[in-house]
Amino acid sequence: MKIPSSIWTLLIGIVLTLASLWYGQNHGLLPTAASDEAVLVDGLFNTMMIVSTGIFLIVESVLIYAAFKYRRRAGDNEDGPPIEGNVPLEILWTAIPAIIVLGISIYSFEVYNDLGGFDPHSVHEAPMTQEAMTSPGTAIAATLSNAPQTEQSQTALSETPIAEMDNGHQMSQMQYEGEAPYIQVNIAGLQYAWIFTYPETGVTTGEMHLPIGRQVRINMTANDVIHAFWVPEFRLKQDAIPGRQSEFRFTPRKSGDYTLICAELCGPYHGAMRSPIVVESEEAFNNWMQEQLVASKETLNQAVAMKPADLSPDQFLAPYTKDMGIHSEILHQVHH
């Protein structure tokens with residue numbers, strides 16, 4: 001019994017479709033999805049993998065079949081048939097890629113829009129300003145004068161006892177008065193480091209801590225050249241451009257330690273421009289924030305206690321003259 005070619009074509013098409021669908025969902029090429037937005041990006045990537053796998057299998061199958069079916073036989077020295085073209089076939093293989101590209105473009109447009117690409121201000125609740133940093137106890141405040149800032153509308157911080165919530169969970173020990181439903185982080189990129197500022201508290205650090213399940217709003221700029229914010233597990237990549245604020249948002253969903261990588265060639269030490277990102281529970285985040293506030297206060301107190309205005313010139317220079325072989329008495333005599 002001879003099976004018609006149309007039945008063979010249908011069966012082969014079903015097998016290729018199933019194989020493409022399976023591989024597109026089980027390719028294992030992406031890292032762990034650690035944010036809500038990662039689901040949208042993964043859906044787009046999986047769709048592209050399904051289409052790409054199907055096209056690859058069809059093209060390779062046709063090539064292998066043609067190479068075997070129409071190979072030159074032994075003793076066959078005749079010229080091949082003078083085939084000039086096939087208009088329906090040319091229309092078909094032009095229309096199908098055009099439809100695929102158009103479909104993926106529309107899908108990509110929707111994903112970008114869902115990520116807030118066309119409306120970065122949709123979650124803004126506080127006006128943005130370009131005030132200079134006023135974080136106490138930091139030696140790099142002058143370097144970060146171009147970092148985006150917000151009005152200090154949420155700086156009041158109070159400690160409250162742990163209270164039971166309606167859902168049976170406990171509130172964290174730290175509560176911020178007037179706390180917004182999102183965490184705002186101002187990021188400044190410079191050769192070759194990332195600096196993170198939490199405007200609600202004035203804390204400035206070299207690593208970013210985030211609570212699970214809280215939306216994060218990022219205001220980002222660069223102090224020197226173009227950098228790029230990239231966290232593969234969050235499926236986020238956004239350029240940081242000097243003189244311009246880049247704004248985006250995401251919601252971390254999986255605790256762990258992640259790495260912020262600069263994905264834009266920014267100089268000879270570009271490969272070392274990495275910073276840790278820690279996603280943790282709300283309570284752990286608040287404890288970390290309290291530690292940063294205490295550390296900042298202690299640094300400020302030390303700076304005030306050692307201000308040069310309270311020291312005489314010979315007393316202030318004494319720690320630096322030992323290596324030079326100069327006694328503090330000589331400085332005292334010279335001063336007087």
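This is a predicted model: local features need pLDDT of at least 70, side-chain atom pairs count only at pLDDT 80 or more; totals for chains, interfaces and linings use all residues.
Biologist: How far does α3 reach from its first C-alpha to its last?

Modeller: Helix α3 covers residues 87–114, which is 28 residues. At 1.5 Å a residue, 40 Å is expected, and the model comes close to that. The span is 41 Å.

Biologist: Are α2 and α3 roughly parallel or antiparallel?

Modeller: Helix α2 takes in residues 36–69, and its axis lies 9 Å from that of α3. The packing angle is about 170°, and angles over 145 degrees count as roughly antiparallel. Therefore the answer for α2 and α3 is roughly antiparallel.

Biologist: How many residues of the contact of α2 with α3 are nonpolar?

Modeller: On the α2 side, the residues include Leu40, Val41 and Ile55, and they meet α3 residues, among them Ile100, Tyr107 and Asp114. Of the residues in this contact, 3 are polar and 1 is charged. The nonpolar ones number 10.

Biologist: Lastly, which residue in the turn between β10 and β11 has a positive phi?

Modeller: Strands β10 (residues 227–231) and β11 (residues 236–240) pair in the antiparallel sense over 5 bridges, with Phe229 opposite Gln238. The hairpin leaves 4 residues between the strands. The one with a positive phi, of about 60°, is Arg235.

Technical notes: Residues are numbered from 1 along each chain as its sequence is written. Side-chain values use heavy atoms; hydrogens and water are left out. Helices (H or I, at least four residues) and strands (E, at least two) are DSSP runs, numbered from the N terminus. The expected span of a helix is 1.5 Å times one less than its number of residues. Axes are lines fitted to C-alpha atoms, for helices over the stretch in contact, and angles run from 0 to 180 degrees between N-to-C directions. Angles under 35 degrees count as roughly parallel, over 145 as roughly antiparallel, 65 to 115 as roughly perpendicular and the rest as oblique. Contact means heavy atoms within 4.5 Å. Ala, Val, Leu, Ile, Met, Phe, Trp, Tyr, Cys and Pro count as nonpolar, Asp, Glu, Lys and Arg as charged, and the others, Gly among them, as polar. Two strands pair if DSSP finds at least two bridges between them.
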